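Good morning. I will take a few minutes to walk through one chain, beginning with the overall picture and ending with single residues.

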Amino acid sequence: MAALATAAQFRKERAEVKSAIARSEMTIFDAINDHRESIRRMRVVELLAAVPGIGKSRAANIMERRAISPTRRIGGLGPLQLMALRKELAVGKTDPVRGNLIVLSGPGGVGKSTITSSLRGDPRFWVSVSATTREPRANEKEGVDYFFYSEEKFQTMIDAGEFLEWAEFAGSRYGTPRIPVDEWRNVGKHVILEIEIDGARQVRRSDSTSRSVFIAPPDWDELVRRLTSRGTDSPDRRAARLALAQAEMAAASEFDFTLVNDQVDTLIARLIPLATA
Ligand code: 5GP
């Protein structure tokens with residue numbers, strides 16, 4: 001029953017969006033930025049076909065010409081595909097406003113990954129996937145949490161200038177691949193980097209339009225509790241993380257903004273206006 005009700009609700013929401021597009025009350029790019037699951041899971045071709053003057057067969061042609069799979073769903077469009085659709089429809093005849101670059105840093109254990117998971121579900125943002133030389137943790141997936149690279153591969157990327165920034169942290173190297181950041185910003189997404197302090201400094205130096213946000217714990221004792229209760233690290237690694245956390249806390253004043261992570265929802269509500277303005 002619940003599944004049927006959801007399906008009916010999805011159909012209703014999709015029909016509303018399609019008819020708004022047909023009446024030129026919204027563009028397909030408004031739909032592409034719609035948060036609702038019903039719209040994120042809708043096929044791109046269906047949306048295109050609703051545009052006045054396009055219709056089903058032209059929509060299919062466009063998809064083929066732009067090498068976008070006919071089954072591609074809105075939530076799965078990549079930056080180059082979005083760019084291609086914009087060109088195809090010549091929306092407003094101008095390029096989209098470039099998205100912002102937002103750097104989030106803060107000591108380990110402060111809850112940065114909870115924050116980025118929440119932002120991943122918001123189509124206004126794209127959360128960068130870093131490369132690292134450290135070993136994957138049990139629950140981590142290649143290409144989702146990180147790109148897990150060998151020292152050699154990482155070094156090749158440094159030499160080729162492929163990192164926007166990179167740094168060493170707790171004996172491993174971490175870096176932000178430059179190209180996807182540019183591509184997503186070019187199609188108007190606000191790009192989030194969740195990186196350590198040294199990387200944040202490099203981004204600030206290289207891009208004066210970037211915004212840096214320091215995520216602070218409610219208090220130091222709470223942070224120690226969170227760091228020492230993490231079961232995935234060896235005692236040595238844990239001690240190193242505590243020392244690093246202390247050094248990271250000292251860098252808070254270098255950031256454009258500081259937000260205290262007492263409650264994730266409250267923090268996100270404060271972060272979004274800073275990130276999207
Ligand atoms: P972890 O090993 O716990 O996933 O991450 C350790 C630290 O590396 C965290 O402070 C995290 O923010 C940082 N980090 C993750 N990716 C990058 C990156 O691409 N560049 C830099 N500079 N730091 C990163």
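What follows is a description of this chain, from the whole down to individual positions.

First, the ground rules. This is a predicted model, in which local features need a pLDDT of at least 70 and side-chain atom pairs count only at pLDDT 80 or more, while totals for chains, interfaces and linings use all residues. Residues are numbered from 1 along each chain as its sequence is written, and side-chain values use heavy atoms, with hydrogens and water left out.

Now the whole chain. It contains 13 helices and nine strands. Helices here are DSSP runs of H or I with at least four residues, strands are runs of E with at least two, and both are numbered from the N terminus. Along the principal axes, the C-alpha atoms fill a box of roughly 60 × 50 × 35 Å. Out of 277 residues, 44% count as buried. Buried means under 20% relative accessible area, exposed means over 50%, and partly exposed is in between, with a 1.4 Å probe and protein chains only.

The chain exposes about 14200 Å², and carbon and sulfur atoms supply 53% of that area. These areas come from the Shrake-Rupley method with a 1.4 Å probe; for residues, only the protein chains shown count as cover. Take the contacts in the chain with a separation of 6 or more: residues 24 or more positions apart account for 66% of them. A contact means heavy atoms within 4.5 Å.

Next, the domains. The chain is divided into domain 1, residues 2-93, and domain 2, residues 101-276. Those bounds come from an automatic or database domain assignment. The domain centres, taken over C-alpha atoms, are separated by 32 Å. Twelve residues of domain 1 are in contact with eight residues of domain 2.

That brings us to the cores. A nonpolar core is a set of buried Ala, Val, Leu, Ile, Met, Phe, Trp, Tyr and Cys residues joined through side-chain atoms within 4.5 Å. In soluble globular proteins, nonpolar side chains tend to be buried together. How many residues does the largest nonpolar core have? It has 42, and those with the most contacts inside it include Ile 21, Ile 28, Leu 47 and Leu 193. Helix H2, residues 28-32, gives this core its largest share, four residues. Why does the core lie between the domains? Domain 1 and domain 2 both give residues to it, so it lies between them.

Look at Leu 47 for a moment. Not counting residues up to four places away in sequence, Leu 47 touches Val 17, Ile 21, Ile 28, Ala 31, Ile 32, Met 42 and Ile 74. Apart from this core lies another, of 19 residues, with Val 110, Ile 215, Leu 267 and Ile 268 among them.

Now some single residues. For their contacts, I leave aside neighbours within four places in sequence.

Asn 261 sits in the loop between strand S9 (257-260) and helix H13 (264-276). Is Asn 261 buried or exposed? Asn 261 counts as buried because its relative accessibility is 4%. Its contacts include Val 110, Ile 215 and Leu 267. Asn 261 and Lys 112 are 149 residues apart along the chain, yet their C-alpha atoms are separated by 8.9 Å.

Ala 275 lies in helix H13 and is buried, with a relative accessible area of 1%. Ala 275 and Leu 101 are 174 residues apart in sequence and 8.0 Å apart in space, C-alpha to C-alpha. Ala 275 is in contact with Asn 100, Ile 102, Phe 125, His 190 and Arg 211.

Thr 116 belongs to helix H7, residues 112-120. At 4% relative accessibility, Thr 116 counts as buried, and Thr 116 contacts Leu 104, Val 127, Ile 192 and Glu 194.

Last, the backbone. Most residues other than glycine have a negative phi. Ala 67, in the loop between helix H5 (55-65) and helix H6 (79-89), has a positive phi near 55 degrees. Ala 67 counts as exposed, at 64% relative accessibility. Ala 170 also has a positive phi, near 50 degrees. Ala 170 lies in the loop between strand S5 (163-169) and S6, and counts as partly exposed at 22%.

That is the end of the tour.
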